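Here are a few friendly notes on the aromatic rings, written to be read with the model open beside you. Please follow along and check each point by eye.

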Amino acid sequence: CISCGSCVSQCPFGAVVDKSFVMNVLNLIKDSADNTEYHVYAAVAPAVASQFGDVNVEQVFAGIKELGFYDVVEAAIGGDMVSIAEAEEFAHTVGEKKWKTTSCCPAFVDYVRKFHPTMMDHVSTTVSPMIAIGRAIKAKDPLAKVVFIGPCTAKKVEIKQPDVKGVIEYVLTFEELRAMFDGKNLDLAHLDELKAGEP
């Protein structure tokens with residue numbers, strides 16, 4: 001298992017599911033006392049643009065804010081940070097290593113670690129965009145608690161890795177986010193647009 005989530009989508013009986021953090025996130029928001037005790041940020045993956053076809057991204061961001069999040073940040077900014085760091089790493093090691101792969105996907109890194117361990121030296125040591133954006137948010141706001149929202153179940157395992165534990169509190173999939181919208185009876189199409197904040 002590399003936590004890629006294929007078993008979840010391929011099981012014909014729907015018997016395989018990933019761990020849900022919906023209740024954890026709802027409790028995190030509730031215990032923040034309207035974001036006065038601490039600030040609950042949502043770091044949203046770029047794939048959100050294709051997940052809610054009936055509304056635009058800014059209305060999804062508004063819906064996330066309606067759920068009680070302090071602010072919404074685009075995780076794509078973390079992707080930009082990682083691209084720069086990986087390019088610098090490649091430039092410094094290309095003479096010795098000859099080639100490098102990205103470390104953006106935890107399932108891919110786990111796959112290489114388990115099935116091609118001799119190639120681990122060629123995997124970038126840069127953290128994933130999720131971790132990069134989480135660190136950036138927490139560097140700017142010491143009261144921040146960060147929830148990552150994206151399409152990938154492997155991120156739920158990544159946040160438990162010892163070297164990055166505590167950077168991201170919880171991970172939600174887009175399906176879980178939609179369930180939270182439904183639970184609050186939010187009609188995204190009738191919400192005013194909200195621009196994402198900056199880390």
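Predicted model: local features only at pLDDT ≥ 70, side-chain atom pairs only at ≥ 80, totals over all residues.

1. How many aromatic pairs does a search of the whole structure find? The search returns 4. Among them is the pair of Phe-21 and Tyr-170, with 5.4 Å from centre to centre and 45° between the planes, which makes it tilted. Phe-21 sits in the loop between α1 (6-10) and α2 (22-31), while Tyr-170 belongs to strand β4 (residues 170-173), so this contact ties together parts that are 149 residues apart in sequence.

2. Do look at Tyr-41 and Tyr-70 as well. Their ring centres are 5.4 Å apart and their planes meet at 65°; because edge-to-face applies over 60 degrees, the pair falls in that class. Tyr-41 is in strand β1 (residues 39-44) and Tyr-70 in the loop between α3 (57-66) and β2 (71-74), so distant parts of the chain, 29 residues apart, are linked here.

3. Is each of these two tyrosines buried or partly exposed? Tyr-41 is buried, at 8% relative accessible area, whereas Tyr-70 is partly exposed, at 34%.

4. Finally, two lysines deserve a glance. Lys-145 lies over the face of Tyr-38, 5.5 Å from the ring centre. Lys-155 places its charged end over the ring of Phe-148, at 5.9 Å from the centre of that ring.

Note on methods
Residues numbered from 1 in each chain as written. Heavy atoms only, no water. Phe/Tyr/Trp six-rings, centres within 6.5 Å; stacked < 30°, edge-to-face > 60°. Helix = DSSP H or I, 4+ residues; strand = E, 2+ residues; numbered from the N terminus. Buried < 20%, exposed > 50% of the residue type's maximum accessible area, 1.4 Å probe, protein only. Lys NZ or Arg CZ within 6 Å of the ring centre and 35° of its normal.
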